[in-house]
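My entries follow in the order of the look-ups.

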Amino acid sequence: MRLLYVVATYVLFALLFPVLCLHRKTRHGLKQRLGFYSPGDLPRGEGPLLWLHGASAGDLLALAPMFGPLRQRFPGCRIVLSTMTDSGHTMARERLAKQIDGVVYAPYDLWGATRRAVRALRPDLLVLEYTEVWPNLIRAAKRSGARVVMTNGRFSPANVGRYRALFGLIGNPLKDMDLLLMRQDEESERARGLGAPAERVLTSGNTKFDALAAGPVPEDEALRSALGLSPEHPVWIAGSTHEGEEEILLQVYQRLRERWPLLSLVIAPRYVNRAERIMTLARERDLTVGLRSQGNPERAPVVVMDSMGELSRAYRLATVVFVGGSFTKRGGQNILEPAGQGKPVLFGPHMDNFRDSVAVLEGNGGIQVADGDALHAALEGLLAKPEHLRALGAKAEATVRRISGASERNAEAMAALPRRQEGSTSS
């Protein structure tokens, strides 16, 4: 059955290779993706090597709270991150460089590429996040003597049948994992139902919560200046917006400005290459609009964030926040991030990918709205009652702090695993 998967991955790779080479998210790092690393790509040292993998920039940020707890429990360790996307690679090099020892592109899940990558990195521990279940990589790491752990584990109820069918065809990679650290009890039950050994499955929570309640830093004022915001005036930030949502937000904003003419709107699109499109939409409504990258010199009331890795800090500058991906079929975005900054959070009806976050936050500083009219009514009510708005923000922050701690629990569980089996080989 493993042979079937090995053959299938090569066939699929041959078909997809032109797309992978041209796609804006995956067109760089071909050598590393094939398992070839130059000497300068990998950290030197004798301490245990911990290889943490997240698919994208957001996934790597969710891993970041574990760096400190892992270093405490693995003295002298080297932490290497791997990612699939170019944006994730760039973000890790720019934002996480001081906390890690290296960042590489993850190998394609090909038999040869994964074996070469494992032989080059020689990890003591391989940590895969969310549903990053790559059978060839897991098998190569296990055969090298590494321990393999899933963290922030999740299995969508809608996909359980597909996983079960796939595992039946190719062999069950969950049985090769030493530890599955799941976000919720329901996720743990699904993992066991899919064949993970029960004694290896633990519910430890979600590490992304641990990075949410960060306090202000001096750089906040520099960002405020770059956005052209006044500390005396109210600021509405719309984060992680998607195509089709900005029209609704701009319409709501125009209605709000009739009562609050000094209200600023900061739009942070999920994909920064959409900045020009959003500026056009604002101008079509006769709104003055500026760009964060240009410092918004006109101090325009509408600002588009065309930068990466600054949204969490920007939330600290907000009076109130709306999180996008929720007025579309995208399934939502991270609503706990602004909540952790002490801000009331509004979001639309489509939050299928963040049901756990909705369950935690709704009624605790989070407000779900059905459409643009409901969003306008909610914002109008909040802006009219500043004391109530601040109380909701404090409630949201307290809620996020209450559910934190997964990083410490994860690191403790990983440290309890037996260390590398020196007799193993990566054959």
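Which residue lies over the face of Tyr130, and at what distance from the ring centre? I found Arg154 there, at 4.4 Å from the ring centre. The rule I used: a charge sits over a ring if NZ of Lys or CZ of Arg is within 6 Å of the ring centre and within 35 degrees of the ring normal. I also noted Arg115, whose charged end sits over the ring of Trp111, 4.3 Å from its centre.

Ground rules. The model is predicted, with local features needing pLDDT of at least 70 and side-chain atom pairs pLDDT 80 or more, while totals for chains, interfaces and linings use all residues. Residues are numbered from 1 along each chain as its sequence is written, and side-chain values use heavy atoms, with hydrogens and water left out.

Aromatic rings. I took rings of Phe, Tyr and Trp (its six-membered ring) as paired if their centres lie within 6.5 Å, with planes under 30 degrees apart counted as stacked, over 60 as edge-to-face and the rest as tilted. The count by this rule is five aromatic pairs. I looked at Phe13 and Tyr108, a tilted pair with 5.0 Å centre to centre and 50 degrees between the planes. Phe13 is in helix α1 (residues 2-22) and Tyr108 in the loop between β3 (102-105) and α6 (111-121), so the pair ties together parts 95 residues apart in sequence. For these labels, helices (H or I, at least four residues) and strands (E, at least two) are DSSP runs, numbered from the N terminus. Both Phe13 and Tyr108 are buried, where buried means under 20% relative accessible area, exposed over 50% and partly exposed in between (1.4 Å probe, protein chains only). Ring pairs link Phe13, Phe17 and Tyr108 into a cluster.

Sheet. I read an open sheet of seven strands in the order β3-β2-β1-β4-β5-β6-β7, with parallel pairing; two strands pair if DSSP finds at least two bridges between them. β3 and β7 (201-203) are the edge strands, each pairing on one side only. Three bridges join β5 (residues 147-153) to β6 (residues 179-182), and Val149 stands opposite Leu179 in β6. Helix α9 (residues 185-193) packs on the sheet and touches β5, β6 and β7, contact meaning heavy atoms within 4.5 Å.

Leu125. I placed this residue in strand β4 (residues 125-129). Leu125 is buried, at a relative accessible area of 4%. Trp51 is 74 residues from Leu125 in sequence, yet their C-alpha atoms are 6.0 Å apart. Leaving out residues up to four places away in sequence, Leu125 touches several others, including Phe74, Ala146, Met414 and Leu417.

Helix α6. Among its buried residues I listed Gly112, Ala113, Arg115 and Leu121. The cover over the buried residues of α6 includes α1, α2 (30-33), β1 (49-53), β2 (78-83) and α7 (135-144). Arg122 follows α6 and has a positive phi, near 45 degrees.

Methods. Axes fitted to C-alpha atoms, helices over the stretch in contact; angles between N-to-C directions.
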